[in-house]
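Here is a short briefing for a first look. Please keep the sequence and the model in view while reading.

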Amino acid sequence: MGELEHWRKGRPTILRCLISFSALVLAGCSGQQSALSPAGEESEAVYRLFVVMVIGGISIWLGVTSLLLHAGRHRREAWPAEKAGALIAWGGVAFPIVVLLLLLGYAVWLMPAIRPWNPLAAKEGAIEVTGEQFWWRIRYPAVGDHPAFETANEIRLPVGRPATFSLKATDVVHSFWIPVLGGKMDMIPGRTNYLTLTPTRTGSYRAPCAEFCGASHAYMAFSVIVMEEDDYNAWRRRLINGQTSAANEGGQLLQRHGCVGCHSLRGLQIAGQTAPDLTLIGARLSIGAGALANTPENIARFIRSPSSVKPGAKMPAFNMLPEDDIEEIARYLGGLK
Ligand code: CUA
């Protein structure tokens, strides 16, 4: 069998491989963390821009490739200078200028939709998100008779309402990015940036840190849960009231072993401010800012040795505590919903 024959016989396999590979790649385009599966007004604008750019790019590529094939198939003959000059002027100068101006105009026209203007009122009612190494501190402002409250690594939003975020960083630069809701925005120490996003579809989404920030950058994510207005208000009330009590064994262990020196849980008297708030931690989708699934076993694993799950985590290992106490604390925290 000649080389060519061999290659021809192998073609279906190559084709199958290409199709499987494309299917795998495209499978990543749907789901919780994809800008190609928009669930917000701003991300829909970004998605439209992407589609127009891709169609524009493919059309130009097809045009250039056809011209190239056409040129290769014909015998070379000298063109009259006038005809060649006209081709260069129209095809090489006018055409790219028109296409690039159209694409630029479209992108500039979309800018207000991608980065809505933030009036002062929106900035005052903003949800404050602070990047820490390697987790997210989230402060909700007071609204009506609801007081302000803090949580961590999870943002819940009501569907159909613009939410403004004030973005800060404590230590190094992080980047706030919820791909399904919109573009990213840097979080810079000493500066506050504002971003407004309007979710249009309920669901649970994932948001990664989008700027390298240290050893556990890849383990720094938060969940975004877009809810119906009533469910959202009920969640706010539950979180404000907390559920933790010093009267039961879990609450006592958290105080006796000093957990509350760094963490706060509404309901307990001592409230540390340096580590993530743990109020209703059992209801979160993950623990350790997206590092592990939220199960009592994983909470216990994190308590025993945080840095084996998240390199560079500031929480020290607590594997010197009695194993029974670790398991009781993990069970208790996992049950706070
Ligand atoms: Cu925080 Cu990367």
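The count of disulfides is 0, where a disulfide is a pair of cysteine sulfur atoms within 2.5 Å. This is a predicted model, in which local features need pLDDT of at least 70, side-chain atom pairs count only at pLDDT 80 or more, and totals for chains, interfaces and linings use all residues. Residues are numbered from 1 along each chain as its sequence is written, and side-chain values use heavy atoms, with hydrogens and water left out.

**Cysteines**

- A disulfide is a covalent bond between the sulfur atoms of two cysteines.
- The cysteine sulfur closest to that of C259 belongs to C262, and at 8.9 Å it is too far for a bond.
- C209 counts as buried because its relative accessibility is 6%. Buried means under 20% relative accessible area, exposed means over 50%, and partly exposed lies in between (1.4 Å probe, protein chains only).

**Strand β4**

- Strand β4 covers residues 154–158. Helices (H or I, at least four residues) and strands (E, at least two) are DSSP runs, numbered from the N terminus.
- In β4, 5 of the 5 residues are buried, so the strand is largely enclosed by the rest of the structure.
- E154, R156 and P158 point one way from β4, while I155 and L157 point the other way.
- β4 pairs with strand β10 (residues 221–227) in the parallel sense, over 5 bridges. Two strands pair if DSSP finds at least two bridges between them.
- S223 in β10 is the bridge partner of E154.

**Helix α9**

- Helix α9 has 12 residues (323–334). The expected span is 1.5 Å times one less than the number of residues.
- Buried residues of α9 include D325, I326, E328, I329 and Y332.
- The cover over the buried residues of α9 includes α6 (249–256) and α7 (296–304). Contact here means heavy atoms within 4.5 Å.

**Salt bridges**

- The model has 11 salt bridges. Each is a side-chain nitrogen of Lys or Arg within 4 Å of a carboxyl oxygen of Asp or Glu.
- R137 and E150 form a salt bridge at 2.9 Å, N to O. R137 lies in strand β2 (residues 135–140) and E150 in strand β3 (residues 149–152), so the pair ties together parts that are 13 residues apart in sequence.
- E150 also meets R139 in a salt bridge, at 3.1 Å, N to O.
- E150 is buried at 10% relative accessibility, whereas R139 is partly exposed at 33%.
- D277 and R266 meet in a salt bridge at 3.5 Å, N to O. Both residues lie in the loop between α6 and β11 (286–287), 11 residues apart.
- D277 is buried, with a relative accessible area of 2%, whereas R266 is partly exposed at 21%.
- Shared partners join E128, E132, R137, R139, E150 and K168 into one salt-bridge network.

**Backbone features**

- Most residues other than glycine have a negative phi, and most peptide bonds are trans.
- A cis peptide bond joins Q133 and F134, with omega about 0°. F134 lies in the loop between β1 (127–132) and β2.
- L280 is not a glycine, yet its phi is positive, about 55°. L280 sits in the loop between α6 and β11, and is buried at 6% relative accessible area.
- A289 is not a glycine either, and its phi is positive, about 55°. A289 is in the loop between β11 and β12 (292–293), and is buried at 1% relative accessible area.
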